[in-house]
Amino acid sequence: MILTDIRPRRRRLSQLYIDGEAAVQVDTETLARSGLAVGDELDDEALHALLEASAEHRAHEKALYLLEHRAHSKKELADKIARAEFDREAAQRAADRMEELGLIDDEDYARRLAQSLFGGKHFGARRVKQELRQKGIADEIIEAVLAEFSTDRDETEENIRAILERKYPGAWTDEKVRRRAVAALQRYGYGFEEIFSVLNAEGPEE
């Protein structure tokens with residue numbers, strides 16, 4: 001196979017023409033590093049190696065781009081790279097590399113997210129656990145992080161009361177509002193016993 005032409009394309013890609021026919025697109029930087037030029041001969045092994053190197057470089061670039069905007073868990077990062085039309089193996093290798101470089105750290109990510117969910121959104125432990133699992137955090141990390149942020153009964157009830165007073169102040173007197181409030185608090189991750197402990201107490205002062 002002879003490399004008969006190279007033409008630039010969008011998104012820092014180059015179109016390779018082999019034996020006069022449009023063949024594959026590869027990352028322009030990877031192509032430059034390969035030293036390939038028009039007129040060179042390629043076999044299947046060399047072409048495969050070029051495509052693999054191209055995919056890996058582009059996956060790494062995508063990983064860095066995503067991490068510039070916000071922190072990610074390792075699984076979340078790999079999934080996003082794969083969804084951007086990258087090979088799953090290249091996406092996983094990119095995520096592994098980001099972890100090696102210290103650019104992602106699931107334990108630190110889980111701790112920061114838990115702090116935000118507990119403190120900022122007043123979620124209960126069950127909801128926080130669910131959110132961390134959805135991000136692909138390992139169970140042992142989740143348990144360790146939740147232990148750090150364990151809240152006592154008084155603090156839990158204070159969070160529930162804060163939500164009720166802000167969003168459902170009528171929950172102590174209106175049955176319809178109460179039902180909506182209970183459903184919402186369950187979505188927040190609180191159990192019936194915790195919710196009704198607050199609802200059965202005195203409501204907000206008028």
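I started in the loop between strand 2 (13-18) and strand 3 (21-27), where aspartate 19 sits. This is a predicted model, so I keep that in mind throughout. Aspartate 19 is not a glycine, yet its phi is positive, about 55 degrees.

Next I looked up histidine 122. Its phi is positive too, near 60 degrees, and it is a residue other than glycine. I found histidine 122 in the loop between helix 5 (106-120) and helix 6 (125-134).

Then a helix pair. I checked helix 3 (residues 74-83) against helix 4 (residues 88-100): they pack at about 140 degrees, and their axes are 8 Å apart. I noted the crossing as right-handed. Which residues meet there? From helix 3, I listed Lys74, Leu77, Ala78, Asp79, Ile81 and Ala82; from helix 4, Arg88, Ala91, Gln92, Ala94, Ala95, Asp96, Met98 and Glu99. Sorted by type, the contact has eight nonpolar residues, one polar and five charged.

Last stop, helix 9. It covers residues 175-188, and its 14 residues should span 20 Å at 1.5 Å a residue; the end C-alpha atoms are 20 Å apart, so the two agree. At the N-terminal end I found a cap: a side-chain oxygen of aspartate 174 lies 2.9 Å from the backbone nitrogen of lysine 176. For the buried residues of helix 9 I wrote down Val177, Arg178, Ala181, Val182, Ala184, Leu185 and Tyr188. Glycine 189 follows helix 9, with a positive phi near 105 degrees.

Note on methods: Residues are numbered from 1 along each chain as its sequence is written. This is a predicted model: local features need pLDDT of at least 70, side-chain atom pairs count only at pLDDT 80 or more; totals for chains, interfaces and linings use all residues. Side-chain values use heavy atoms; hydrogens and water are left out. Helices (H or I, at least four residues) and strands (E, at least two) are DSSP runs, numbered from the N terminus. The expected span of a helix is 1.5 Å times one less than its number of residues. Buried means under 20% relative accessible area, exposed over 50%, partly exposed in between (1.4 Å probe, protein chains only). A polar contact is a pair of N or O atoms within 3.5 Å; within protein, one must be able to donate a hydrogen and the other to accept it, and residues adjacent in sequence count only if both atoms are side-chain atoms. Axes are lines fitted to C-alpha atoms, for helices over the stretch in contact, and angles run from 0 to 180 degrees between N-to-C directions. A crossing is left-handed if the near helix is turned anticlockwise from the far one by less than a right angle, and right-handed if clockwise. Contact means heavy atoms within 4.5 Å. Ala, Val, Leu, Ile, Met, Phe, Trp, Tyr, Cys and Pro count as nonpolar, Asp, Glu, Lys and Arg as charged, and the others, Gly among them, as polar.
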